[in-house]
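Thanks for coming. I will go through one structure, starting with the backbone and ending with the surface.

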Amino acid sequence: DATPVVSTGNIQQIGTWTVQYTGANTAPTVSDIHDPKATITVTPGDQVQLTWTVTSIVNGVVNTKCPATTDEVIIYNFAANPAANAGADQEDCGRTTAFTLDATPVVSTGNIQQIGTWTVQYTGANAAPTVSDIHDPKATITVTPGDQVQLTWTVTSIVNGVVNTKCPATTDVVTIYNFAANPAANAGADQEDCGRTTAFTLDATPVVSTGNIQQIGTWTVQYTGANTAPTVSDIHDPKATITVTPGDQVQLTWTVTSIVNGVVNPKCPATTDVVTIYNYAANPAANAGADQEDCGRTTAFTLDATPVVSTGNIQQIGTWTVQYTGANTAPTVSDIHDPKATITVTPGDQVQLTWTVTSIVNGVVNTKCPATTDVVTIYNYAANPAANAGADQEDCGRTTAFTLDATPVVSTGNIQQIGTWTVQYTGANTAPTVSDIHDPKATITVTPGDQVQLTWTVTSIVNGVVNTKCPATTDVVTIYNYAANPAANAGADQEDCGRTTAFTLDATPVVSTGNIQQIGTWTVQYTGANTAPTVSDIHDPKATITVTPGDQVQLTWTVTSMVNGVVNTKCPATTDVVVLYNFAANPAANAGADQEDCGRTTAFTLDATPVVSTGNIQQIGTWTVQYTGANTAPTVSDIHDPKATITVTPGDQVQLTWTVTSIVNGVVNTKCPATTDEVIIYNFAANPAANAGADQEDCGRTTAFTLDATPVVSTGNIQQIGTWTVQYTGANTAPTVSDIHDPKATITVTPGDQVQLTWTVTSIVNGVVNTKCPATTDVVTIYNFAANPAANAGADQEDCGRTTAFTLDATPVVSTGNIQQIGTWTVQYTGANTAPTVS
């Protein structure tokens, strides 16, 4: 159905069909390649592409001067889709590997693809399974055990990946059943009751399907009895109810299976479990008759139980059982089922007989309907043995219990013969109690300081009641628990300085904890040259004692217990020590005279006054060194030796303080103030050679000269210094140096003067020159020459034939300072005579 081509001029324009076919069938042809309405036959299942090309044609030849135009049209002749076949349903039990699908493969009839596609329909709680390849007829799919999955195989045509529905799709469905293994059936525990008239509730474990295939439990009843067989309220309810006649037992089986569409599927085997319901009949009340007792009986006792009558076809019977826990041979009943049987009991024994009424099933006693019992006891008492309470006991400050030591009571039979403790206490504390009044080895806690008397009474006892048929026997024991002595506290150490009055002691008073006296006692420990001091009252915690100044005294406060005036050693004494220090005033310290030397390389020997202690408290002198210099600080050979030695570097001074103190246990005590004295050691360094610098001179100088001495460098912390002194002998005012200690000081010298300066190097301490090491000196001279005045030789002189001397008349030269200025005549003569000379 192409648009016809209409030429615009006399050059023909024409359309032409060309066919593109890629298939297995014979390619189709167009009825007329130039007819826009041409026809073409396409095989079902094929698609054919046709191109309509419009060109100009001259003399039957296509002309491409104007480019051709083209358009494509596709003809699809879809084949009817073949019937889909998804294969047969599949089932398995507990399969964990994949199922392989078995659809019939789809074969295309032409070049239009026909394809099968799997779709999964799953309605379950598990993750929906997926197909390994949705277009593979033999694809695989893994189905969770317990699930069923429906798959549809749909056959369609597909063009360019798009399904075409021109020819209807065909479908087929297959179902995969992967039955879960049935869980183990659990019908619940057997149940039993007694005389129950209401229904029993069964208690099977509910069946939970593991997937979307239902798993279910079913009850079946097995009953072989005379009554109507009971029925279950709901055969599929794990908690169903069932009413069982009292006296009957019923067996029920709980069967677990898988069900599909209401039909049990046996692919996975069923599981079963059985439960039995027992509804016993109540037993009648037992009556064993009254208790019987006697003393020393040797003949048999006759029992007197009520006979048992059964209420139905389950036998109910009475049975005697003998409870005997003794050393003798257990007695036996003449007939265990005879309510009037006889029994012989050994004297000293008690025998308990229980008349038990029970139901018996298959020869086995059942206790669901409680047996009814009644007890009768036969007592045949024996005489009581002599009581022995054991030896008296004592301890000290005991906080744990005392263990009593009575002779255990040995019963002659199984009637208990027992000892009983009773406590006699007459004190202020709470009366102590025995841990077990019947235990010969019982424990009792006695307050420290108390004594307690205990009586051990031997009797026969039945059901906690003393039997008085045979007289009791008794014995007495006494427990003494001395109080531990309290911790002694002698009070704090005391100290004073030069005290002449008594010290008051301060021990904690001793308070007795009970009726046993506890007391403190002072003892004096003194090791000195003075008379040992004594305490005013050795038992008074606040006693007084006078201690000589310079002495220390140790006192021990000992706390003990006393009984009847005698110290009791069961509880160790406690002690505490106090020390009284009466320090002596420290004597005035004397460190000795200052010492000095020059360039000393050996040690100086100090000369402090030795310290003599006045008592047994050591008084001691101690050297401390004060040094502020660049050298290593010197140390004393022994800081406590008044004659210790110390080496001082030449050029250094060292101050030492001699401190007198009291010392106790290596620790200085300042209760009495320390006394101190200082000594200074001066080790002067040899003074370096003085160098005042070179002489200086100038002419008519009015500004100052700068001196140039070598600076003095101290070798230690003793200052070494240079000092200028001026020597001037002239008429002018003597010049002065700008700074007598400055090696570069300045000095102004009057023109015409000379000045001599001496540079002296010395040591200086506290501003005072020390001459222990000789001073060194050097001299420099400053010359400030004056400008010479104008020379005036006087007027020329002349005479005639003079034979006497001429007198010259020069102006005399006057010096301006102490540098002499002088005029000097020199004769210039150029003649034949002897040259004249000046007078």
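One definition before I start: strands here are DSSP runs of E with at least two residues, numbered from the N terminus. That is how to read a label such as β2 or β3, and the loop between β2 and β3 (61–63) is where Asn59 is placed. Please also keep in mind that this is a predicted model.

I will stay with Asn59 for a moment. Its phi is near 55 degrees, a positive value in a residue other than glycine. For context, most residues other than glycine have a negative phi. Is Asn59 buried or exposed? Asn59 has a relative accessible area of 78%, and the cut-off for exposed is over 50%, so Asn59 counts as exposed.

Another asparagine to look at is Asn261. Asn261 sits in the loop between β16 (249–260) and β17 (263–265). Its phi is positive too, about 55 degrees, although Asn261 is not a glycine. With a relative accessible area of 75%, Asn261 is exposed.

A positive phi also turns up in a hairpin. Strands β9 and β10 form that hairpin with two residues between them, and Asn160 in the turn has a positive phi of about 50 degrees.

That brings me to β9 itself, which covers residues 147–159. How many of its 13 residues are buried? The count is 11, so β9 is mostly covered, buried meaning under 20% relative accessible area.

Now the pairing of β9. With β7, residues 113–121, β9 pairs in the antiparallel sense over nine bridges. In that pairing, Gln121 has Gln150 of β9 as its bridge partner. With β11, residues 170–179, β9 is joined by nine bridges, and these strands run antiparallel. There, Trp153 has Asp172 in β11 as its bridge partner. With β10, residues 162–164, three bridges are found, again antiparallel. In this case Ile158 stands opposite Val163 in β10.

Next, salt bridges. Side chains of opposite charge can pair when their charged atoms come close. How many salt bridges does the structure hold? The structure holds 16 of them.

In one of them, the side chains of Lys37 and Asp1 meet, with an N to O distance of 2.4 Å. This pair links distant parts of the chain: Lys37 is in the loop between β1 (12–20) and β2 (46–58), Asp1 is in the segment before β1, and they are 36 residues apart. Asp1 is exposed at 77% relative accessibility, while Lys37 is partly exposed at 45%.

In another, Lys239 meets Asp203 at 2.5 Å, N to O. Lys239 lies in the loop between β14 (214–222) and β15 (241–242), and Asp203 in the loop between β13 (200–201) and β14, so the pair ties together parts that are 36 residues apart in sequence. Both ends are partly exposed, Lys239 at 35% relative accessibility and Asp203 at 44%.

The remaining one on my list is between Arg499 and Asp496, at 3.4 Å, N to O. Arg499 is partly exposed with a relative accessible area of 22%, and Asp496 is partly exposed at 23%.

Now two residues and their contacts. Ala484 is in the loop between β32 (473–482) and β33 (494–497). Which residues does Ala484 touch, not counting residues up to four places away in sequence? They are Cys396, Gly397, Pro448, Gln518 and Cys571. Ala484 is partly exposed, at 40% relative accessible area.

Thr558 is in strand β37, residues 551–563. At 18% relative accessibility, under the 20% cut-off, Thr558 counts as buried. Leaving out residues up to four places away in sequence, Thr558 touches Ile519, Gly520, Thr521, Ala573, Thr574 and Thr575.

To finish, the surface. Leu808, Trp825, Val827, Tyr829 and Val838 form a nonpolar patch there, with about 430 Å² of accessible area together. One of its members, Val827, is in the segment after β53 (776–785). Val827 counts as partly exposed, at 43% relative accessibility.

That is the list. I will take questions now.

Terms used. Residues numbered from 1 in each chain as written. Predicted model: local features only at pLDDT ≥ 70, side-chain atom pairs only at ≥ 80, totals over all residues. Heavy atoms only, no water. Helix = DSSP H or I, 4+ residues; strand = E, 2+ residues; numbered from the N terminus. Buried < 20%, exposed > 50% of the residue type's maximum accessible area, 1.4 Å probe, protein only. Contact = heavy atoms within 4.5 Å. Patch = residues over 30% accessible without salt bridge, like charges linked within 9 Å, V, L, I, M, F, W, Y side chains within 5 Å. Areas by Shrake-Rupley, 256 points an atom, 1.4 Å probe, with all protein chains shown as cover. Salt bridge = Lys/Arg side-chain N within 4 Å of Asp/Glu carboxyl O. Pairing = 2+ DSSP bridges.
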